[in-house]
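Dear colleague,

Please find the structure below, handed over for your use. My notes on what was found in it follow directly after.

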Amino acid sequence: MTGNAAANDALLLRLRCFKSDYFPLHQQRFQDLVAEGQHPKTLFIGCSDSRLVPYLLTGTGPGELFIVRNVGAFIPPYGGSHGLHGTTAAIEYAVLSLNVERIVVCGHSQCGGIRAAYEGVPDEAVALKAWLKLVQEALLPVQPSPEALRRTEQRSVVLQLERLMGYPMVRRAVEAETLTLHGWHYVIEEGEIHIFDAQHGDFVPASLASNCGTGPYQPYVEHDGQVICD
Ligand SMILES: [Zn+2]
């Protein structure tokens with residue numbers, strides 16, 4: 001590509017900026033991570049939504065988060081399906097090989113995946129249609145009002161945490177207290193992460209929460225007494 005053509009390729013220019021501006025400032029960190037390997041303590045499972053930026057939210061950088069993202073931040077059941085599940089593979093690798101100390105499941109406001117679970121997707125999107133079944137149990141028998149969508153986003157986070165506990169290596173590590181689970185709901189428009197508190201069965205804003213974890217594993221009970229997961 002000629003210089004002039006490159007000037008019109010904004011993404012190419014950003015790649016060059018990374019090398020010329022960012023990398024020199026952090027070169028040692030990258031080289032240490034190569035020499036010593038990665039030892040992230042956190043597996044971050046988040047929605048693919050472009051507005052969810054895990055490094056910004058958590059103030060982390062290279063080497064700190066092992067990240068898997070998908071539509072909705074859903075977790076397939078362990079061993080329950082025989083497709084090619086990148087999310088399942090990432091969970092197994094993070095827990096068994098990287099020995100992560102925490103797993104964050106992070107949903108968010110205005111989630112298109114949750115909305116699509118109510119409204120449907122084009123017939124051609126066969127994988128997406130099947131994928132959205134992973135949130136079916138969290139859907140409410142109502143029209144998807146903003147309030148219902150918000151509650152569903154949060155119910156989904158809890159449902160995915162429940163599924164995580166169906167992974168034998170996750171359950172084992174949680175019970176051995178070497179691994180903690182964290183259910184988060186990020187409200188984009190407020191800049192607030194709401195953290196699932198298993199003891200109270202509710203989401204608490206990070207600005208008011210005593211810790212960023214989900215606490216002892218318990219069934220999720222909503223305020224109206226409905227238990228959505230066994
Ligand atoms: Zn989303």
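Y22 is partly exposed, with a relative accessible area of 35%; partly exposed covers the range between buried, under 20% relative accessible area, and exposed, over 50%, with a 1.4 Å probe and protein chains only. F18 is likewise partly exposed, at 39%.

Please note that this is a predicted model, in which local features need pLDDT of at least 70 and side-chain atom pairs count only at pLDDT 80 or more, while totals for chains, interfaces and linings use all residues. Residues are numbered from 1 along each chain as its sequence is written, and side-chain values use heavy atoms, with hydrogens and water left out.

F18 and Y22 both belong to helix α2 (residues 10-36), where they sit four residues apart, about one turn of the helix. Helices (H or I, at least four residues) and strands (E, at least two) are DSSP runs, numbered from the N terminus. An α-helix has 3.6 residues a turn, so residues three or four places apart point the same way.

The count of aromatic pairs comes to 10; rings of Phe, Tyr and Trp (its six-membered ring) pair if their centres lie within 6.5 Å, and planes under 30 degrees apart count as stacked, over 60 as edge-to-face and the rest as tilted. F18 and Y22 make a stacked pair, at 5.7 Å centre to centre and 20 degrees between the planes. F18 also pairs with F30, edge-to-face, at 6.3 Å and 80 degrees. Together, F18, Y22, F23 and F30 form one aromatic cluster.

**The zinc ion**

The protein donors of the zinc ion are C47 (SG), H108 (NE2) and C111 (SG), at 2.0 to 2.3 Å from it. Donors are N, O and S atoms within 2.8 Å of the metal (3.2 Å for Na, K and Ca); water is not among the atoms, so sites may look incomplete. Along the chain, the donors follow the spacing C-x60-H-x2-C. C47 lies in strand β1 (residues 42-47) and C111 in the loop between β3 (102-108) and α5 (112-119), so the pair ties together parts that are 64 residues apart in sequence. Both C47 and C111 are buried.

Of the 19 residues in helix α7 (residues 146-164), 15 are buried, and the helix is mostly covered.

H200, by contrast, counts as exposed, at 60% relative accessibility. H200 is placed in the loop between β5 (192-197) and β6 (202-205).

With kind regards

Conventions
The expected span of a helix is 1.5 Å times one less than its number of residues.
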